[in-house]
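Below is a short note on charged pairs and one surface patch. Please read the points alongside the sequence and the coordinates.

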Amino acid sequence: MTAARLRRSRARALRSATMNTPTDILAVHAAAKGAEPAVIVDGSGGAVASVTTFAEFNAMVNQVAHGLAASGVRHGERLVWCGPNSLEVLVSIHAARKLGLVAVPLSYRFNAAEMAYVIDNSDATVVMADAEFAPLIASVRTECPKVRTFAAFLGEPPSDWATLDALRDGQPDTEPSSLSPEAALSGGAQMIYTSGTTGKPKGALRTRTDPALVGALLAELGYFHDNPVHLTTGPLYHSGPLAFATLAQTLGAPVVVLRRFDPEAWIRLVGEHRVTNTFSAPTQLKRIVSLPDEVLAKADLSTMQVLIANAAPVPYALKVELIDKLGAGFLYEVYGSTELGVDTVLKPEDQLRKPGSCGKPYGGIQLKVVTEDGRDGEPGERGELFVRTTLAMDGYHATEQQLTEAGDDWKSVGDVAYIDDEGYVHICDR
């Protein structure tokens with residue numbers, strides 16, 4: 001699909017969403033290119049390989065949404081999902097969106113007590129989990145008294161659990177009547193639990209977004225390119241991988257699903273599926289460039305246009321190695337947080353020119369440094385970094401603790417930084 005077709009498809013959805021009966025963006029893509037692949041699951045990492053078309057994917061999402069509604073789930077309730085990357089995870093996320101639920105990712109790397117805390121603290125009424133991890137959740141079921149529906153996928157469920165297939169069984173594939181104009185064009189309401197540096201994780205609740213600013217971000221990242229194909233590099237329970245995978249689907253791009261990251265599989269999938277964009281943490285990038293020379297020599301990354309690095313600062317030495325071994329012109333670094341979204345972008349041409357920087361703000365986002373004595377910092381002066389953005393979360397759930405503010409919607413997650421004389425941000429500490 002060309003960039004021009006992507007823009008026209010989204011424009012049609014935007015027009016429809018202003019009417020009384022909004023057209024969901026997945027339904028738009030299902031109608032426009034129903035037989036084309038929407039989700040491609042690779043068979044590595046314990047997954048079963050599959051290809052699901054846009055028409056099939058949208059039908060699955062709608063059937064699950066109707067099944068959840070029939071079970072008594074209501075608009076505004078919380079749905080926790082848990083499991084490695086899969087078709088079923090993406091279906092669960094979109095079913096929650098179409099029902100107006102708040103989707104809550106749960107790390108499958110948590111222990112039972114941590115899982116119970118997130119499920120109960122989030123006020124979840126529905127839990128949908130990969131069968132590999134459902135028994136762990138089932139072991140703490142009594143600690144989650146607000147949950148009315150437990151459902152498993154990709155295997156045998158624990159006793160008294162439903163299955164995703166059972167929820168779908170006999171349900172129509174029509175659009176749910178609960179669909180709102182906002183949900184029709186976005187990733188839906190989400191609450192992502194941040195690890196934090198002290199105390200228990202906090203749920204960062206986000207029920208709205210700013211489509212214009214998201215569009216500015218995608219333009220800054222060069223995301224509106226021809227024939228887009230997205231590859232999931234990191235686990236979708238993290239905010240970055242989740243955001244860019246769902247954005248790819250909003251744009252009508254197929255998503256290649258890697259159940260668990262494997263550097264050799266990643267290299268193979270980029271060439272095999274002509275992948276154009278992905279999101280990665282530095283740890284995964286290091287594993288890729290550390291592959292044997294004979295493996296990298298066979299790599300075909302000629303289609304890659306946008307490789308976004310985030311989740312931690314990307315060491316300059318790693319950037320040099322990545323560009324040397326994988327190629328130049330597609331590495332982007334961003335700075336952001338679960339709470340405040342993506343705030344800066346460092347483009348490919350600046351990766352080696354600006355060592356230690358994570359880029360400049362875009363689309364009207366404002367940043368400033370506040371020194372220890374309360375002054376707005378001068379260029380090069382260190383202090384706490386504050387951001388003013390319309391991508392900020394609603395707030396933390398079920399706690400009086402909120403982000404530090406400096407008036408007029410300036411918010412901080414506690415990072416220490418300086419801004420140089422060209423406006424580039426350099427993160428120094430927490």
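**Salt bridges and a nonpolar patch**

1. D120 is partly exposed, its relative accessible area being 26%. Here buried means under 20% relative accessible area, exposed means over 50%, and partly exposed is in between, with a 1.4 Å probe and protein chains only as cover. The model is predicted: local features need pLDDT of at least 70, side-chain atom pairs count only at pLDDT 80 or more, and totals for chains, interfaces and linings use all residues. Residues are numbered from 1 along each chain as its sequence is written, and side-chain values use heavy atoms, with hydrogens and water left out.

2. D120 forms a salt bridge with K146, with 3.5 Å between the closest N and O atoms. A salt bridge is a side-chain nitrogen of Lys or Arg within 4 Å of a carboxyl oxygen of Asp or Glu. D120 lies in helix α5 (residues 112-121) and K146 in the loop between α6 (134-138) and β6 (149-153), so the pair ties together parts that are 26 residues apart in sequence. Helices (H or I, at least four residues) and strands (E, at least two) are DSSP runs, numbered from the N terminus. K146 is also partly exposed, at 35% relative accessible area.

3. D24 and K98 form another salt bridge, their closest N and O atoms being 3.2 Å apart. This pair links distant parts of the chain, 74 residues apart: D24 is in the loop between α1 (3-17) and α2 (25-33), and K98 is in helix α4 (residues 87-99). Are these two residues buried or exposed? Both D24 and K98 are buried.

4. R268 forms a salt bridge with E272, and the closest N and O atoms are 3.2 Å apart. Both residues lie in helix α11 (residues 263-273), four residues apart, which is about one turn of the helix. R268 counts as partly exposed at 37% relative accessibility, and E272 counts as partly exposed at 47%.

5. How many salt bridges are there by this rule? The count comes to 25. A network of salt bridges links D350, R353, K354, D420 and E422.

6. Y316, V320 and L352 form a nonpolar patch on the surface, with about 230 Å² of accessible area together. Patches are made of residues with over 30% relative accessible area and no salt bridge; like charges are joined within 9 Å and nonpolar side chains (Val, Leu, Ile, Met, Phe, Trp, Tyr) within 5 Å. Accessible areas come from the Shrake-Rupley method with a 1.4 Å probe, and for residues only the protein chains shown count as cover. Y316 is found in helix α14 (residues 316-326) and is partly exposed, with a relative accessible area of 35%.
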